[in-house]
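Please open the structure in your viewer and keep the selection panel at hand.

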Amino acid sequence: MRLKMKLILIFMVLVGFLGEGYASVYTDQNEAVKKGWQHFKMFCANCHGKNADGKGPLVEAMKLMPSDLTALRQTGDICIAERVLRAVSGVHVLPEGQEQKMPVFSGNLESITIYEITQFLKAIQK
Ligand code: HEC
């Protein structure tokens with residue numbers, strides 16, 4: 001009986017512990033996505049659109065064809081984080097038919113900002 005009680009106690013402590021662990025990771029992740037969304041609206045949405053679908057207000061004026069950033073998972077064979085990092089650093093390969101590269105950001109964006117934007121983009125993939 002006492003052993004059973006001990007086992008139940010250990011089990012409860014473990015579940016509590018793990019539960020808390022997951023909860024905090026989840027919250028951090030959510031926080032990163034939220035911040036990424038704020039950065040995205042400030043730095044990227046003018047071209048890529050608020051919904052990241054490539055239909056921002058500058059598209060017409062600049063005759064640009066910004067990529068649909070909700071489809072990064074389906075297009076290309078490198079991971080999303082690398083796609084974003086390459087694009088903001090201006091070292092990515094232009095898609096077929098595309099003449100103008102997007103502006104280079106890497107000098108102006110902190111790594112944490114790029115990370116948060118990446119988390120946001122990962123969260124909205126189709
Ligand atoms: C001035 C307009 C403009 C802004 C602002 C802009 N982009 Fe772009 N982006 C483009 C255009 C045009 C393309 C397609 C041509 C190219 O790939 O360079 C593109 C392509 C991309 C791609 C696809 C690259 C690939 O691998 O196919 C990613 C990822 C991307 N942008 C991320 C971002 C992020 C993140 C931001 C904000 C930090 C941003 N862009 C801001 C115009 C812009």
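Begin by selecting the ligand together with its shell of 23 surrounding residues, of which the closest are Cys 44, Cys 47, His 48, Arg 83 and Met 102; a residue is near a molecule if one of its heavy atoms lies within 4 Å of it. The model is a predicted one, in which local features need pLDDT of at least 70 and side-chain atom pairs count only at pLDDT 80 or more, while totals for chains, interfaces and linings use all residues. Residues are numbered from 1 along each chain as its sequence is written, and side-chain values use heavy atoms, with hydrogens and water left out.

Next, show the pairs of N or O atoms within 3.5 Å. A polar side-chain atom of Arg 83 lies 2.4 Å from a ligand oxygen atom, an N or O atom in the side chain of His 92 is 2.7 Å from an oxygen atom of the ligand, and Met 102 places a backbone N or O atom 2.9 Å from a ligand oxygen.

Now colour the helices, which are DSSP runs (H or I, at least four residues) numbered from the N terminus. Both α2 (45–48) and α4 supply at least two residues of the shell around the ligand, and α4 gives the most, with 3 residues.

Finally, select Leu 72, which touches Ile 80, Arg 83, Val 84, Leu 121 and Gln 125, leaving aside residues up to four places away in sequence; contact here means heavy atoms within 4.5 Å. Arg 83, one of the residues touched by Leu 72, is also among the closest to the ligand.

Technical notes: Polar contact = N/O pair within 3.5 Å; in protein donor to acceptor, adjacent residues only side chain to side chain.
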